[in-house]
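Open the model in your viewer and keep the selection tool at hand. The stops below say what to select and what is there.

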Amino acid sequence: MIIDCHCHAGPGDGLTGPWDSDLALDRYLRRAQAAGIGRIALLAAFHSDYARANAAVARIVAGQPDRFFGYAFVHARRDRGRICDMVRTAVERYGFIGIKVHRGDAPISGEICDAARRFGIPVLYDPMGETHVAELLAAQYPDVDFIIPHLGSFADQWSGQLALIDHLARHPNIYTDTSGVRRFDLLVEAVRRAGPHKVLFGSDGPWLHPGLELHKVRLLGLPKADEALILGENFLRLIGTTPAAARAAAAVHSGSTHPQANARSKGWEHYEYIL
């Protein structure tokens with residue numbers, strides 16, 4: 001089962017670009033099916049009212065519940081004071097599996113992290129290159145899992161992406177996804193240093209081609225078991241267990257018998273299975 005953990009869908013009302021306009025999935029879904037992607041996690045387009053946008057995504061998810069997961073998109077500033085209620089609706093009524101936040105709206109807040117902790121779900125937060133926030137998130141909310149997409153920067157900010165790799169390697173609750181990462185060697189380094197259990201496959205569809213984004217993971221040349229972690233097992237672990245249990249499961253993959261652990265003890269030159 002290949003799972004795309006990052007795809008936008010539903011209505012937008014800003015009309016400043018495709019990111020806040022109506023998002024049809026027809027072309028994306030044809031491409032995803034051709035690439036062998038079986039399930040997709042959906043999140044709203046940018047919107048002036050995320051409660052409405054989330055409801056629209058929920059209708060899409062409800063139409064094909066065996067195919068789609070859903071994230072609750074929230075605005076840290078505009079939704080202040082009602083975030084817990086929005087997340088409760090998303091989790092208990094819609095069956096959503098996580099919270100989505102974007103720095104382009106506002107910086108992530110404690111209110112959002114508290115809601116994630118309360119409902120036991122991960123947060124997908126795009127910091128737009130401000131990856132130092134991972135240090136604060138990891139320290140103040142060690143029992144919440146955070147997925148920092150695009151290796152921290154969709155804008156190809158090399159310094160931010162490079163800095164995130166250190167956070168991935170040091171903090172058990174910080175993860176990333178592969179969507180939009182153009183500097184392939186940084187993706188190699190992220191897997192090499194942090195391990196395949198810290199990286200999730202995502203496409204940032206429908207704007208990016210899911211088959212092309214998937215091929216980047218294939219090009220890593222990982223053993224099948226490690227590739228399977230990135231292509232779906234990590235995502236299922238994060239949404240299917242408590243963060244503490246997820247980290248316990250991940251520890252199995254970074255133990256003394258795992259290639260990453262061997263590489264840590266012998267030197268990175270022994271991590272031979274990545275191109």
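A pocket is found on a 1 Å grid over the protein atoms alone, as an open set of points with protein on both sides within 12 Å along at least five of seven lines, and lining residues have an atom within 4 Å of a point. Its volume is the space filled by probe spheres set on the points, which are joined across faces, edges and corners.

The model is predicted: local features need pLDDT of at least 70, side-chain atom pairs count only at pLDDT 80 or more, and totals for chains, interfaces and linings use all residues. Numbering runs from 1 along each chain as its sequence is written, and side-chain values use heavy atoms, with hydrogens and water left out.

**Stop 1**

The largest pocket has a volume of about 430 Å³. Select Trp 19, Phe 46, His 102, Asp 126 and Phe 154, the closest to its centre of the 18 residues that line it. Then colour strands β1 (2-9) and β4 (98-102), each of which supplies at least two residues of the lining; strands are DSSP runs of E, at least two residues, and helices runs of H or I, at least four, numbered from the N terminus.

**Stop 2: Phe 46 and its partner**

Phe 46 sits in the loop between β2 (37-44) and α2 (50-63) and Phe 73 in strand β3, so the pair ties together parts 27 residues apart in sequence. Phe 73 is buried at 0% relative accessible area and Phe 46 is buried at 17% (buried is under 20%, exposed over 50%, partly exposed in between, with a 1.4 Å probe and protein chains only).

**Stop 3: His 75**

Move to the loop between β3 (68-73) and α3 (83-93), where His 75 lies. Is His 75 buried or exposed? His 75 is buried, with a relative accessible area of 7%. Leaving out residues up to four places away in sequence, His 75 touches Tyr 50, Arg 80, Ile 83, Asp 105 and Ala 106 (contact means heavy atoms within 4.5 Å).

How values were computed
1 Å grid on protein atoms, 1.4 Å probe; cavity = no way out; pocket = protein on both sides within 12 Å on 5 of 7 lines; lining within 4 Å.
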